[in-house]
Amino acid sequence: MNGSTLEWGDVRIFLAIARGGTLGAAARLTGQTQPTMGRRLRALEAAVGHTLFQRTRDGFVLTDEGSAVMVFAERMEEEALTFSRALSGNEQQLTGLLRVSSSDWFGIHVLTPVFARFLDKHREVSIELVTDSRRYSLARREADLVFRITPFDEADIIQRKLMHIDYALYGRADLAAAYTDDGGGAGQTLISMDSAFGTLPDVAWIKRLLPKARIAFGSNNRGAQARMCAEGVGLAVLPCPLGDNTPGLARVELSEAPPGRAVWLGYHRDLRRLARLRALLDMTIEAIGNV
């Protein structure tokens, strides 16, 4: 700490800048002026002896040191809020931001209904849901909570198997009854993952059952696959929560069902006492966890 005293007020400034992304946005969040925000940030960086933000044209981005400080700053914030709630008698109120990462279809069809109920109950909490194929780092605080189909092998991650998801083969509803695996799929077209994901279990399954079928469309976006399937482009293996909720699709029964997948959730052990994360975990596990 370079012999300096860390002030809680400066930690609050740090959190506001991290969440707002700019000094102007942080100033609006705290009700202070932009020059004051800059001065207080410099004081905090001098106190800890590290640059906490990278200054870019688009705003302030946490450095690795800033991401490490973020964990402890939010812990300090949580304790301060708990102290305040204890004095006011409002111990159930939670506040702050949670950043969640998942696949696109899982975020839309599984998580958002749960998150809507959570936000209705906890009006001072904000959730940021990021859906893409990139794996976000929990250690670098790129996300607070991650849902994915493979277990976590990173250090210091608390994880659990949340649920099992069934998959099924789908076709356009008015054509589904005519599909068959007779002839190994000769003359049929498929919708599948793009080549980068060609080793997934459902991709291997459809190639084995319908080896003569032609892949007409490939995408790493399951929602795009479902849409193309509904347009009648071909058959698609989809997660059932997506396929069953896509208008115009019907299940196609072949000689065996495609393999399902497990969904895992993970968060960094440093966040295990973050009250708003614990509350979101409790509601999510209660609502959709079945293992």
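Lys-212 and its surroundings

Mentor: Leaving aside residues up to four places away in sequence, Lys-212 touches Gly-183, Gly-184, Gly-185 and Ala-186. Keep in mind that this is a predicted model.

Trainee: How far apart are Lys-212 and Gly-184 in sequence and in space?

Mentor: They are 28 residues apart in sequence, and their C-alpha atoms are 5.4 Å apart in space.

Trainee: Where is Lys-212 placed, and is Lys-212 buried or exposed?

Mentor: Lys-212 lies in the loop between helix H6 (201-209) and strand S9 (214-218). Lys-212 counts as exposed because its relative accessibility is 60%, and the cut-off for exposed is over 50%.

Trainee: Ok, charges now. Which residues form a positive surface patch?

Mentor: Arg-269, Arg-272, Arg-273 and Arg-278 form one. Of these, Arg-273 sits in the loop between strand S12 (261-268) and helix H9 (275-288).

Trainee: Why does Arg-273 count as exposed?

Mentor: Because its relative accessibility is 56%.

Trainee: What about the secondary structure, how many helices and strands?

Mentor: Nine helices and twelve strands. Of contacts between residues at least 6 apart in sequence, 74% join residues at least 24 apart.

Trainee: How many residues are there, and what percentage count as buried?

Mentor: The protein has 291 residues, and 45% of them count as buried. It exposes about 14,800 Å², with carbon and sulfur atoms supplying 50% of that.

Notes. Residues numbered from 1 in each chain as written. Predicted model: local features only at pLDDT ≥ 70, side-chain atom pairs only at ≥ 80, totals over all residues. Heavy atoms only, no water. Patch = residues over 30% accessible without salt bridge, like charges linked within 9 Å, V, L, I, M, F, W, Y side chains within 5 Å. Areas by Shrake-Rupley, 256 points an atom, 1.4 Å probe, with all protein chains shown as cover. Salt bridge = Lys/Arg side-chain N within 4 Å of Asp/Glu carboxyl O. Lys, Arg positive; Asp, Glu negative; His and termini not counted. Charge placed at Lys NZ, Arg CZ, Asp CG, Glu CD. Helix = DSSP H or I, 4+ residues; strand = E, 2+ residues; numbered from the N terminus. Buried < 20%, exposed > 50% of the residue type's maximum accessible area, 1.4 Å probe, protein only. Contact = heavy atoms within 4.5 Å.
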